[in-house]
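Reader: I've got a model open and I'd like to learn how to read its helix packing. Can you walk me through it?

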Amino acid sequence: MLDNGKLWIANPETTEGVQNMITIMNSFTDKDDVEAYGQLTENLKIEFTMIFQKCTMQGEAHNQLHHFLIPIKDSFEGLKSEDLDQAQRAYYELKEHLKLYHQFFTS
């Protein structure tokens, strides 16, 4: 949800981390190689961890950020699946989810 119709203010490091995840996803080209999804997951986890480490958000904005981040964490299991169809499905779902960030947050 929005902040009374406005975007939530995120700290710049959080926005940078999400943008880095979007860039990682957009540059991923090995969509037919199930093993490549494991490395993709590790690269995304690095950014995900940095978001948590550098987050200075508080209050309801912080709560809303967690609503956005939890599905990302949950997607890591599917991404690193040994089943190519499942990994691909998780990839496309995460890619769509990451697009939502800029609909709810700004720096």
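**Reading the helix packing**

Author: Start with the order of elements: along the sequence the chain runs β-α-α-α-α-α-β, where helices (H or I, at least four residues) and strands (E, at least two) are DSSP runs, numbered from the N terminus. This is a predicted model, so local features need pLDDT of at least 70, side-chain atom pairs count only at pLDDT 80 or more, and totals for chains, interfaces and linings use all residues. Residues are numbered from 1 along each chain as its sequence is written, and side-chain values use heavy atoms, with hydrogens and water left out.

Reader: How do helix 3 and helix 4 pack, and at what angle?

Author: Two packed helices are described by the angle between their axes and the distance between the axes. Here, helix 3 (residues 59-79) and helix 4 (residues 84-99) pack at about 160 degrees, their axes 8 Å apart. Axes are lines fitted to C-alpha atoms, for helices over the stretch in contact, and angles run from 0 to 180 degrees between N-to-C directions. Helix 3 and helix 4 are therefore roughly antiparallel (under 35 degrees is roughly parallel, over 145 roughly antiparallel, 65 to 115 roughly perpendicular, the rest oblique).

Reader: Which residues of helix 3 and helix 4 make the contact?

Author: Contact means heavy atoms within 4.5 Å. Helix 3 brings residues including Phe68, Pro71 and Ile72, while helix 4 brings, among them, Tyr91, Leu94 and His97.

Reader: Is histidine 97 buried or exposed?

Author: Histidine 97 is buried, at 16% relative accessible area (buried is under 20%, exposed over 50%, partly exposed in between, with a 1.4 Å probe and protein chains only). Setting aside neighbours within four places in sequence, histidine 97 touches Phe68, Pro71 and Ile72.
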